[in-house]
Amino acid sequence: MKDPFVLVWAVLLFTSLGWYGFLVFYIGAKAGKELKTLIADLTLARPPTPPAPPAPR
Amino acid sequence: MTLSPIDWIIVVVYVFGCLFAGLWMRRFIRGVDDFTIAGREVHVNLGIASLAATEMGLVTVMYTAQLGYEKGFAGEVIGVIMAAAFLVVGLSGFVIRPLRDAGVMTIPELFEQRFSHRVRWLAGVFVALGGLLNMGIFLRLGGDFLVHATGMPASWLESVMTVLLVLVLLYTVVGGMLSVLVTDYLQFILVGIGIVTTSVMVIINIGWTNLITTLQATWAASGGTAPHPFNPAHPTSFGWGYLIWMFVFQLAVVTTWQTTISRVLATKDSGTATKMYRRVSYYFVGRFLLPGLWGVAAFVYFSQHGGLPAGLNSMTAMPRYLSAVLPIGLMGILVAAMIAAEMSTISGYMLTWATVIYNDIITPCLRTPLSNRGQLLLTRMILLGIAIFLLFFGLWYELPGDAWTFLAVTGNIYLASVFTLLLAGLYWPRANSTGAYAALILGAIGPLTFLVLAKVLPAHQIPAEVAGGSSFALAFLGMVVGSLVSRAPAQALHPQPTP
């Protein structure tokens, strides 16, 4: 266990595990808001639906 | 252990929820810009989620676990190198800032502005060739995971691969990048939860001290001839030659790999792109190290349980190990997460290579430009063609060695030459079309030789680091000599920021 490489890998493993968890919840929440904004912008930019043709008499 | 009904319900609900979300985005597609780069409206956090989801595929989990099984933690040093490359580029803006400011849709498009129409076309061919060969093994590795993790009969592998591909194709063809963004977001959340909980369960199951002492004891018992499980520079592990190749390779990946760069080109501006790179960088340590931990744990588990069972190898040991130790419910979440990872990667990659084929290979050859509707139809037909190629290539091709080396060498077909063209095009005013042609052709020689020798003369195989490293050296040499022996270009490129 005294191998310095073991210590380096332990630090990398446990910090990346924590960082991964943080990213999922923090970035996930923020990205969700950005996705909602993107969809809202796209909805506004959508061309209006053309009026239906008049029914045949 | 096979999946329980609860596990299957989790998997089916997720897959169809994702499919519905992807199909729903079809209504917002107005033209080919929306379809391929989401109208350049992507903000930083959504960009991070999409980039992370696309670059974390089931194929990633399989090859990182294989590296962990064969080389211990030292095998995951590639993730550390990749994270360092993302951070350096994110801090400096190296390549990606002028690239985003140029306002192009693909990298070869920039080469038309800087070099010539024909250089763009040839670069497009190399980008598509390297990208499609690279992607060819994704389905096979994904199918291998599902067969060994769920306990389904091996004869179902082809059917499972086909169904998965058809589902992804459905939402990618109708919704393009907008569907990919929505499904990437869902997949980012689910894959993250699946990977974190599985990693915690693996550490609890195998025990950290047991893991380390078993790796040390196994290496000592081999008399130091097995790969060193902790020191990647040790001659029995990667060695310095391979690591130096990887440093250059990863710098090229983060600046020229089209699936990564497509997220840069979809951002609102170059400031958003560099911020995205800085924030996402450390993610790539976990991208390698966490699934790598599962591979290391599988090695320790089977070495303490009578060795690897018949029919398993270093690639399939990890899914079999997880199916033996994960509880009901968590196994369902993991399988759903891995299917999510596969779907996000395949959809993102298919769209990227289809964009290159449409934008850089076919469009420059058309005498009259296509209508908006024609452009969309053509891109969708290319997507269908790529899907058919993936099915047949995935079923037919046998890997020449470990999966990571295959992916690195096929990626290198275009990484060395396109990285050289980008560097010279953006930062060396003397670079010209002659140098660009020489770099493109010389850069592809090493990797293509490696792949051909692996099939034709496996006894005379050259090491991957020689094939990969020489391709960078030859591409640089070709660019410098080719440019200096021919006429200087009329103008260099000075891109201005574009909205």
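This is a predicted model: local features need pLDDT of at least 70, side-chain atom pairs count only at pLDDT 80 or more; totals for chains, interfaces and linings use all residues.
**Entry 1**

I began with chain A. I found 1 helix and 0 strands in chain A. Chain A has 57 residues, and 23% of them are buried.

Next I looked up the contact with chain B. On the chain A side, 25 residues take part, and they touch 29 residues of chain B. I then sorted that side of chain A by class: 16 residues are nonpolar, 4 are polar and 5 are charged.

**Entry 2: helix α3 of chain B**

How many residues of helix α3 of chain B are buried? I counted 11 of 11 for this helix, residues 44-54, so α3(B) is largely enclosed by the rest of the structure. The buried residues include B:Val44, B:Leu46, B:Ile48 and B:Leu51. B:Asn45, B:Gly47, B:Ser50 and B:Thr54 are also among them.

**Entry 3: α12 against α19 in chain B**

I took helix α12 (residues 239-256) and helix α19 (residues 403-427), both of chain B. Their axes are 9 Å apart, and the packing angle is about 70 degrees. Roughly perpendicular starts at 65 degrees, so α12(B) is roughly perpendicular to α19(B).

I listed who meets whom. From α12(B) come B:Phe249, B:Ala252, B:Val253, B:Thr255 and B:Thr256. From α19(B), the residues they meet include B:Ala408, B:Asn412, B:Leu415 and B:Phe419. By class, this contact has 9 nonpolar and 3 polar residues, and no charged ones.

**Entry 4: B:Val95**

I checked the backbone here. Most residues other than glycine have a negative phi. B:Val95 is not a glycine, yet its phi is positive, about 70 degrees. I placed B:Val95 in the loop between α5 (77-92) and α6 of chain B.

Is B:Val95 buried or exposed? The cut-off for buried is 20 or more other C-beta atoms within 10 Å. B:Val95 has 23 such neighbours, so B:Val95 counts as buried.

**Entry 5: B:Ile96**

I moved on to B:Ile96, which lies in helix α6 (residues 96-101) of chain B. B:Ile96 has 25 other C-beta atoms within 10 Å, so B:Ile96 is buried.

Which residues does B:Ile96 contact, leaving aside neighbours within four places in sequence? I noted B:Val89, B:Thr255, B:Val264, B:Ala273, B:Thr274 and B:Tyr277.

B:Ile96 and B:Val254 are 158 residues apart along the chain, and their C-alpha atoms are separated by 8.9 Å.

Note on methods: Residues are numbered from 1 along each chain as its sequence is written. Chains are lettered from A and ligands numbered from 1 in the order in which they are written. Helices (H or I, at least four residues) and strands (E, at least two) are DSSP runs, numbered from the N terminus. A residue is buried if 20 or more other C-beta atoms lie within 10 Å of its own, exposed if 12 or fewer, and partly exposed in between; C-beta atoms are placed from the backbone. Two residues are in contact if their C-beta atoms, placed from the backbone, lie within 7 Å. Ala, Val, Leu, Ile, Met, Phe, Trp, Tyr, Cys and Pro count as nonpolar, Asp, Glu, Lys and Arg as charged, and the others, Gly among them, as polar. Axes are lines fitted to C-alpha atoms, for helices over the stretch in contact, and angles run from 0 to 180 degrees between N-to-C directions. Angles under 35 degrees count as roughly parallel, over 145 as roughly antiparallel, 65 to 115 as roughly perpendicular and the rest as oblique.
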